[in-house]
Structure formats: C-alpha cells, structure tokens
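Here are some notes for a colleague who wants to go through this structure residue by residue. They are set out as numbered points, to be read with the coordinates open.

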Amino acid sequence: MNMKKFLIFCSFSILLFSSVYGKVNVSQNDSWSSRPSVAVNKDGVGLVVWVENDREYESGPFYYRVKKEGEWSAVKKVGIIAKTGWTPLLDVDANGIFHLTYSDGFSVYDREVYYCAYDPDSGWQNPEMIYLSPHNSAWPKINIEGDRIHIGWTHRNTSPYIGGDIVMISKKMGEKNWPNNYERISWSANNISGHIAFKVKNDKIFASYMEGTADHGPWRLLHKEAPRGSNWQTVPVEGPL
C-alpha cells in the first residue's frame with residue numbers, strides 16, 4: 001500500500017469509527033447533568049437515566065433516552081419524582097424489562113428509596129416505595145437475579161444503632177407488595193456504612209461496602225457474603241480489603 005492509499009484508508013477509518021463509536025451528547029442541554037446509569041437489554045435496546053438540575057447539586061428530576069436500532073430517542077422527563085431525585089441505578093431482566101431504583105426526598109429527613117420498571121413497549125410503570133423509614137435512606141443499588149429484584153441501600157438507624165447500616169430487601173417480580181422487613185447486612189453499630197456494591201448469585205448475597213467512624217471517614221472497605229435470609233449479625237466480616 002503506497003502512502004496516498006494509506007492516508008486515504010486512515011482518514012476513512014477515522015470517519016467510520018468516530019461515527020460509530022464517537023461520543024454523543026446524551027443530555028443535550030446547558031444545565032447540570034449528573035449521576036447517569038445505563039443498561040442494555042437482550043434485544044440491544046439501551047436505556048440511559050440521569051439527574052438534571054440548574055444548580056451544582058446532584059439531585060433533581062430524572063430524564064432519559066432510549067437507543068434502539070442505532071437511533072437515539074428524544075430527551076424525555078421520567079416523571080416519577082415526587083420531591084427531588086437522587087442516584088438512579090438501573091438493571092435489566094432476561095425478558096428485556098428495565099428496573100430502576102433511586103432515592104426521592106428533599107433532605108435526610110424525608111428521603112426514601114423507590115423502585116420503578118420501564119418496558120420499552122409501554123413506558124414507565126408506577127413508582128413503588130421500598131421501605132418507609134423515619135430516617136435517611138440513600139445510595140441504593142439494584143440487582144436482578146432470575147425473577148427476583150434485590151435492592152440494597154444505606155439506612156440510618158435508630159437507637160442503639162445511631163450510625164448507619166447497609167440493608168437489603170427483595171421480592172419476586174409481579175408481587176404486589178415489598179416485604180415489611182429488610183435484611184441488615186453490616187451491623188455497624190455507631191459507625192456509618194454506605195455505598196454498597198453487591199451481586200446475588202443462586203440466592204447468595206455478595207456485598208462489599210464502605211465503613212467509617214463518621215460521615216466523611218476515614219473509610220474501610222469491608223465484605224460479607226451469605227445466603228439471603230441469613231443472620232447477618234453473625235456473618236463474619238472480611239476486610240478491610
């Protein structure tokens with residue numbers, strides 16, 4: 001290949017890959033766009049959800065776009081937030097349905113964790129409150145295993161546990177109500193546990209999380225794993241990692 005053909009080939013390759021793999025301005029606005037979450041289903045349909053605000057905060061209404069057959073939908077408002085939304089997180093099931101968890105509330109005094117499903121054919125379903133707490137509930141994560149929805153989050157505790165713990169709750173898809181009780185994973189007493197990362201495999205929970213003596217650390221990274229429904233207070237802690 002001579003130099004002229006080589007340069008033509010390079011130019012064509014750059015144009016091709018930039019058009020196929022180049023970055024896209026998903027939010028398409030001049031305000032603050034933050035906390036994106038993305039999932040892709042079995043049919044190759046992609047869903048992106050993020051927080052939009054006109055100030056330097058990471059809470060506000062949610063917006064979304066769908067990518068299907070190589071084409072992006074218009075930017076649309078999710079329309080499920082009652083107060084102000086925080087930290088949307090997505091997962092997707094084997095049938096191609098998207099599952100979203102998030103927090104909704106103005107502050108630590110009224111913030112709760114919610115769940116909502118999105119069907120590419122019919123749109124957003126009604127949001128569901130996971131657990132009503134007198135204290136702050138935040139930083140939720142979601143994992144779909146088979147026909148079960150698992151959600152974990154940071155939960156401020158009442159006396160004698162004046163700190164915060166990692167808790168989890170789950171239900172089968174199609175069940176009307178969420179359980180009345182959650183599983184307390186971390187049992188951190190007066191410490192603060194937060195920002196869980198977890199997976200569920202064959203009904204066994206693998207959970208890693210941060211723990212510190214105050215809201216701002218110093219933090220340690222800890223890990224626990226046990227079957228769902230275990231006595232987590234007796235499950236040994238692995239770490240700091």
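**Notes on the predicted model**

1. Leu89 has Thr101 as its bridge partner in E8. The model is a predicted one, and this pair belongs to an antiparallel arrangement in which six bridges join strand E7 (residues 85-92) to E8. The two strands form a hairpin with five residues between them, and in that turn Gly96 has a positive phi of about 90°.

2. On its other pairing, E8 runs antiparallel to strand E9 (residues 112-119), with seven bridges between them.

3. How many of the residues of E8 are buried? Seven of its seven residues are, so that the strand is mostly covered, where buried is taken as under 20% relative accessible area. In a regular strand the side chains alternate between the two faces of the sheet. In E8 both faces are covered, with Phe98, Leu100, Tyr102 and Asp104 buried on one side, and His99, Thr101 and Ser103 buried on the other.

4. Asp104, which is placed in strand E8 (residues 98-104), deserves a separate look. Asp104 is buried and yet has no salt bridge, since the nearest side chain of opposite charge, that of Lys83, is 6.7 Å away, and a salt bridge would need the charged atoms within 4 Å. The side chain of Asp104 does, however, have a polar atom 2.7 Å from the backbone nitrogen of Ala82, and it reaches the backbone nitrogen of Thr84 at 3.1 Å. Leaving aside neighbours within four places in sequence, the residues in contact with Asp104 include Ile80, Ile81, Gly85, Asp110, Arg111 and Tyr114.

5. Lys224 is buried and has no salt bridge, the nearest side chain of opposite charge being that of Asp165 at 7.6 Å. The side chain of Lys224 reaches the backbone oxygen of Ile185 at 2.8 Å. Not counting residues up to four places away in sequence, Lys224 touches, among others, Ser186, Ile205, Phe206, Tyr209, Trp232 and Pro236.

6. Which residues of the largest nonpolar core touch the most other members? Of the 19 residues in that core, they are Leu47, Val49, Tyr64 and Trp124. The elements that give two or more residues to this core are strand E2 (46-53), strand E4 (62-68), E7, E8 and E9. For Val49, the residues touched, not counting those up to four places away in sequence, include Arg35, Phe62, Tyr64, Val78, Leu90 and Trp124.

7. Trp72, which lies in strand E5 (residues 71-72), counts as partly exposed because its relative accessibility is 27%. The C-alpha atoms of Trp72 and Val26 are separated by 8.6 Å, although the two residues are 46 residues apart along the chain. Leaving aside its neighbours within four places in sequence, Trp72 is in contact with Val24, Val26, Val48, Arg65, Val66 and Lys67.

8. For the chain overall, the secondary structure comes to one helix and 18 strands, and 44% of the 241 residues count as buried. Among the contacts in the chain with a separation of 6 or more, residues 24 or more positions apart account for 38%.

Key: Residues numbered from 1 in each chain as written. Predicted model: local features only at pLDDT ≥ 70, side-chain atom pairs only at ≥ 80, totals over all residues. Heavy atoms only, no water. Helix = DSSP H or I, 4+ residues; strand = E, 2+ residues; numbered from the N terminus. Buried < 20%, exposed > 50% of the residue type's maximum accessible area, 1.4 Å probe, protein only. Lys, Arg positive; Asp, Glu negative; His and termini not counted. Polar contact = N/O pair within 3.5 Å; in protein donor to acceptor, adjacent residues only side chain to side chain. Contact = heavy atoms within 4.5 Å. Pairing = 2+ DSSP bridges. Core = buried A, V, L, I, M, F, W, Y, C linked by side-chain atoms within 4.5 Å.
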